[in-house]
Amino acid sequence: QLQLVESGGGLVQFGGSLRLSCAASGSLDNYAIGWFRQVPRQEREGVSCISGSDGDTYYADSVKGRFTISIDNAKNTVYLQMNSLKPEDTANYYCAADPGYYCSGGEYRGQGTQVTVSS
């Protein structure tokens with residue numbers, strides 16, 4: 001069973017940057033790994049996704065041009081570089097992995113890391 005651990009969240013000012021990390025307990029070569037965010041009483045939002053096999057990426061319109069997802073297969077780690085942060089980016093961010101090429105429900109999920117952007 002794949003275990004995922006996120007890190008890198010915190011408090012940042014409007015316009016600032018953070019880099020989140022998602023460390024996996026095993027190889028990500030055969031998984032699609034996504035970053036999701038959740039605000040209490042709101043629907044979960046899929047932020048970005050990357051294929052562990054070929055690095056193909058997807059971004060939600062709300063973060064396109066500001067966030068960059070990447071993968072280091074040798075370290076079994078996925079990163080989310082977040083720039084030009086806005087207060088509306090405040091949420092609990094978690095990574096999730098699905099076998100195969102596409103992100104879906106997240107068969108394996110981490111506990112999440114809180115990101116708070118002050119105005």
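**Close-up views of a predicted model**

**View 1. Strands β1 and β3 pair side by side.** In this predicted model, β1 and β3 (residues 18–24) run antiparallel and are joined by four bridges.

**View 2. Four strands make an open sheet.** The strand order is β1-β3-β8-β7, with antiparallel pairing. The edges are β1 (4–7) and β7 (67–72). Each edge strand has a single partner, so one of its sides has no neighbour in the sheet. From one strand to the next, the twist averages 15°.

**View 3. A disulfide links Cys 22 and Cys 95.** The two sulfur atoms lie 2.1 Å apart. The link is right-handed, with 75° about the S-S bond. Cys 22 belongs to strand β3 and Cys 95 to strand β9, so the bond ties together parts 73 residues apart in sequence. Are these cysteines buried or exposed? Cys 22 is buried, at a relative accessible area of 1%. Cys 95 is buried too, at 0%.

**View 4. A disulfide links Cys 49 and Cys 103.** Here the sulfur atoms are 1.9 Å apart. The angle about the S-S bond is 90°, and this link is right-handed. Cys 49 sits in strand β5, while Cys 103 sits in the loop between β9 and β10 (108–109). The pair therefore ties together parts that are 54 residues apart in sequence. Cys 49 counts as buried, with 10% relative accessibility. Cys 103 has 25% relative accessibility and counts as partly exposed. The cut-off explains the two labels: buried means under 20% relative accessible area.

**View 5. The disulfides are set out in sequence order.** How many disulfides does a search of the whole structure find? The search finds two. With the bonded cysteines of the protein numbered in sequence order, the pairing reads 1-3, 2-4.

Notes
Residues numbered from 1 in each chain as written. Predicted model: local features only at pLDDT ≥ 70, side-chain atom pairs only at ≥ 80, totals over all residues. Heavy atoms only, no water. Pairing = 2+ DSSP bridges. Helix = DSSP H or I, 4+ residues; strand = E, 2+ residues; numbered from the N terminus. Axes fitted to C-alpha atoms, helices over the stretch in contact; angles between N-to-C directions. Disulfide = S-S within 2.5 Å. Buried < 20%, exposed > 50% of the residue type's maximum accessible area, 1.4 Å probe, protein only.
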